[in-house]
Amino acid sequence: MFTKDDFTVFHDDTLDGRLKLIREEIDPSFEKIGSDLMSALEKEYQEQFYMKIAKHQRRTRNPPPDTWLAISQDKRGYKKNPHVELGLWPDRYFVTFSLLADAYNRAEFYPKYQDISDQIVQSDWLVSNDHTNPEMLSADHFPDALARYMKVKSSDLVIGFNLMANSQIVKSGNYDQLLFDKFMSLSKFMVQFNH
């Protein structure tokens, strides 16, 4: 499925060119791993999940800086709900569990985040307050990221994993299972937050 050549889609700086490459080169991999993830999630949790692959339809001028698939438990969409994404920036793959700034009833999730705070801090996950920026901080920054999410209405809260394009793992190939496993690990937060 995924290969180190995936990142070449970002070499095309035109909107139409990059979108065409994403559709031809990346989306088939998203379809395959997404289907496998949906089956695994439904088997693991005995619940319904919904997948969306980014189509970048609102873009009219600039090419997308990243692309992704998202899975949530709301058929109306993922952006306002707890969800997990798998995607690519020009220099990395990412797998993230996110609640964005405009999440429904976001204050209701604060206690759930507080409940998992120690677990996150003691993990090797990365954290961020901005899903539109690939840079993430080590897990020991989670308390600060949570405090910001609770105070700053425009902030997101993202927990996840990065696999850098220049890493030995990517250069060696055969890392689909790693991305799959990271997605499944983060899915427990999505399910927990939806109950």
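These notebook entries record what I looked up in a predicted model.

**Conventions.** I number residues from 1 along each chain as its sequence is written, and my side-chain values use heavy atoms, with hydrogens and water left out.

Entry 1: I took helices (H or I, at least four residues) and strands (E, at least two) as DSSP runs, numbered from the N terminus. Two strands pair if DSSP finds at least two bridges between them. I find an open sheet of seven strands in the order 1-2-3-4-7-5-6, with antiparallel pairing. Strand 1 (50-53) and strand 6 (137-138) are the edge strands, each pairing on one side only.

Entry 2: Strand 3 and strand 4 run antiparallel and are joined by seven bridges; His 83 stands opposite Ser 98 in strand 4. Strand 4 pairs with strand 7 over eight bridges, again in the antiparallel sense, and I note Leu 99 opposite Leu 157 in strand 7. Strand 5 (residues 126-128) is joined to strand 7 by three bridges, with Ser 128 opposite Val 158. Of the eight residues of strand 7, seven are buried (under 20% relative accessible area, 1.4 Å probe, protein chains only).

**Entry 3: the cores.** I defined a nonpolar core as a set of buried Ala, Val, Leu, Ile, Met, Phe, Trp, Tyr and Cys residues joined through side-chain atoms within 4.5 Å. Which residues touch the most other members of the largest core? Tyr 113 and Ile 159 do, among its 51 residues. Helix 5 gives the most to this core, with nine residues. Contact means heavy atoms within 4.5 Å; beyond four places in sequence, the contacts of Tyr 113 include Phe 97, Leu 99, Leu 157 and Ile 159. A second, separate core has six residues, among them Ala 54, Trp 68, Tyr 78 and Trp 89.

**Entry 4: Arg 106.** I located Arg 106 in the loop between strand 4 (92-99) and helix 2 (110-121). Arg 106 is buried yet has no salt bridge (a side-chain nitrogen of Lys or Arg within 4 Å of a carboxyl oxygen of Asp or Glu). The nearest side chain of opposite charge, Asp 156, is 6.2 Å away. A polar atom of the Arg 106 side chain lies 2.2 Å from the backbone oxygen of Tyr 149. Not counting residues up to four places away in sequence, Arg 106 also touches residues including Leu 100, Met 150 and Lys 153.

Conventions. This is a predicted model: local features need pLDDT of at least 70, side-chain atom pairs count only at pLDDT 80 or more; totals for chains, interfaces and linings use all residues. Buried means under 20% relative accessible area, exposed over 50%, partly exposed in between (1.4 Å probe, protein chains only). Lys and Arg count as positive and Asp and Glu as negative; His and the chain ends are not counted. A polar contact is a pair of N or O atoms within 3.5 Å; within protein, one must be able to donate a hydrogen and the other to accept it, and residues adjacent in sequence count only if both atoms are side-chain atoms.
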